[in-house]
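Some terms used for this model need their cut-offs.

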Amino acid sequence: MENNTSPASKKSNGMRRHERNSRILFILSLLAYALLMFATREQSGTAILAFFPIVIAAVCWGWKGGLIAGLCAFPVNALVLIAIGVDWHGMLNPIGLVGHAFLLFQGLLIGFVIDLYKQRRNAEQHLKFQVEQNAADIERAQAAEHQLKAVLEQSADGIFITENQNRTIVLVNQAFLKMTGLSREKLIGNTTLCFVPEIGKTYRTTLGDKITIDTQYYEDNYDILQKLLTDGMVKGWEYHIVGPDDKLVPIEANVTNMLDQQDQRIGAISVVRDNTGHKLAKKELSKTNDYLNNIIENSVDCILLSDSTGHITHVNQAGIEMMGYTLDEMIGKAAMEFFAIEEGQYETAAGDSIWLSTKDIEAVYGRMSEFFEAGKISNYASYMMHKNGRLVEVEHNISLLYDQQGEIVGSVSMARDRSMRCRMERELSRQTELLSQANRELESFAYSVSHDLRAPLRSISGFSTALEEDFSADLPDEARNYLQRIQKASTRMGLLIDDLLNLSRVSRYNMQREPVDLSALAVKIIEQLREQMPERNVTCTIQPDIMATGDGHLLSILLENLINNAWKYTGRESSPKITFGYADKDDHRPPGHEDNATVFCVRDNGVGFDMAYVDKLFTPFQRLHAEKDFPGTGIGLATVQRIAHRHGGRTWAHSTPKKETSFFFTL
Amino acid sequence: MQKNIIMVVEDNEDDLELTLRAFAKNNILNEIVIARDGVEALDYLFGTGVHEGRDLRVMPEVILLDLNMPRMGGIETLRKIRGDKRTKLLPVVVLTSSDEEQDMTESYECGVNSYIRKPVDFNQFVDSVKQLSLYWMVLNQHPHTS
């Protein structure tokens, strides 16, 4: 208030000064009057001058009220003088003196009354001025409050103000109303209890989960309230308010104490922010993080995360197990350290023993260098070193990781333990090698046996023939018959051995794949058969331009066998028919043959076979017809099957005797 | 100077007997020189060993050579024959049990003139011998080096 130099106070000071001057003038004029009365005591009419000091006093005051009082005093004065019967000359007698004294007293009285009046007027004026001033102040304060309220209303954060002690709400803004779902009427004058969750109650939250408000919850918040009282403010206070539909809204509040001029706490302002969105985003992020962490941690592959300098920042559980180091032992180390290998004999994690040559290692490093060029390398065979010195054979992938600005932030390296698989593969390849060696031995055995069998067979055939020729005359018919049987049997055995040799040759033959025109082969085979047996009249239908990829020589043998068979087994038909072409869609396919491979087919309308024995068809030496009906060794179809197998294909057959017999093959 | 000698290089007694019988049945009356293996054959051809001092102007008209023999097999014998200028032009016919591609290829690579597989059936064998004799002894024209 000291610095409040309002115009009202200035005026008041001026008035006081004026009053003082007026009184001095009034006293001076009284003295002048007394002197004048004394000097003019014998003259008439001087009494008129008795009014003079009063008029002067009034004028000196500069106030019309003073003049009126002075003028009023004149008749009163005159009347008093006449009533007491004095004349102008009797003024100096005792009565006159009383008259003068009264006059003097009257002047003083009037001056005093006027003084009082003026004082009162001044006081009134001052008060009025003060009132006006206050009104203006209040108006300004109201305008400021209005602005403040508008700002509060506009705030996106909820704001409420509580009074001291009972925490009565005295102000809330729109945002807070929205947050609580309550009306202003409901909140103002009420306590904060109308939006604070109740203890012991279970609420659903805007995050979609459920919370039970326990005493701990209350205790925690009570502690924060205490902090508010001691510190004067609390920031980032997280608690819940009950929102619309009785759902809890997670909020974050900044609360500041309001103080009066004596620094006494009179209330608190709370600015609260709805944390739902923030929390949901955080929850979502944490969910994503959990998800990713789960993937990394539960991966059966070793996952190494490295920073941009190639130093390990994280290793998952599988990696820890795969390498035998603890997480601490690996963090911060260069990832490449664990992939470093040199030439030597190693025991693998699967217990296998392998030798890594310089060449093997160069091959690994060669692939690894792709990573440095392309920033990515997939599925290359590499090695990691277990803490126990064992070699872990891995299938390795590395990719650089980039941030949104495209800067390299690190790399992720995934290694799959293939030690066991590699061991199996090596075992398998050893077994395969053994097997193929055994097969080669068997083939060579079959070959040499076949050859060696031929020599004695020639002797049997030769000498029995010689015996019959040279000693025919000495031999009884029965003996000659036996000799003929020996010759026939040895001839047949010769054929069997030849077919066996052919079969073994098919297996050992060095295949060369090329496009083969099967139709042309079939035409050629039939031409040959027609040449050999011109007496046969067989209707042959060859579907043109059937191409296949395979070995021309072997496929020729395959078709020769099938067409020869068809030719042979239609020998007793009156109008024999043979066709070669693609199989029809509705052709029979046994189980396991339902794939999409192209199926070729040789059909005839010959004698066919009993489907009960279909399984024996492709077995060597298995024949379904008597030798005397249809001669043969039973090797042909076995050869067909072996050729199909060598091409990765299959064979099967179907027969309706005397109507249609079909032999199918794929390549 | 005798002419038209047929040389048979064969270790198997039965096969030899049957071959000779086949010649007989075909009325082939030429002189037959028999060697039991490659070493014997070369001794005869080059006049070494038991045949030391033999008149090397006399050479067989055709040599029937088996492949599988002890000491020295057919292929090696053939190489030696082709490797010597005295014998390099002699007609050599491989007569064997084997019809293996590899044996055939090797024989032809070493300069064999013909390759015949012995059939099991004796009558067929007789027929084969007949044809090869006819061809090499009668039809075929051949320069005589000596």
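Two residues are in contact if their C-beta atoms, placed from the backbone, lie within 7 Å. This is a predicted model, in which local features need pLDDT of at least 70, side-chain atom pairs count only at pLDDT 80 or more, and totals for chains, interfaces and linings use all residues. Residues are numbered from 1 along each chain as its sequence is written, and chains are lettered from A and ligands numbered from 1 in the order in which they are written.

Q: Which residues of H1(B) meet H5(B)?
A: Leu18(B), Thr19(B), Ala22(B), Phe23(B) and Lys25(B) meet Phe122(B), Phe125(B), Val126(B) and Val129(B) of H5(B). Helices are DSSP runs of H or I with at least four residues, and strands are runs of E with at least two, numbered from the N terminus.

Q: What makes up the contact of H1(B) with H5(B) by class?
A: Seven residues are nonpolar, one is polar and one is charged. Ala, Val, Leu, Ile, Met, Phe, Trp, Tyr, Cys and Pro count as nonpolar, Asp, Glu, Lys and Arg as charged, and the others, Gly among them, as polar.

Q: Why are E8(A) and E9(A) called paired?
A: Pairing needs at least two DSSP bridges between two strands; E8(A) and E9(A) have three, so they pair, and they run antiparallel. Leu305(A) stands opposite His314(A) in E9(A).
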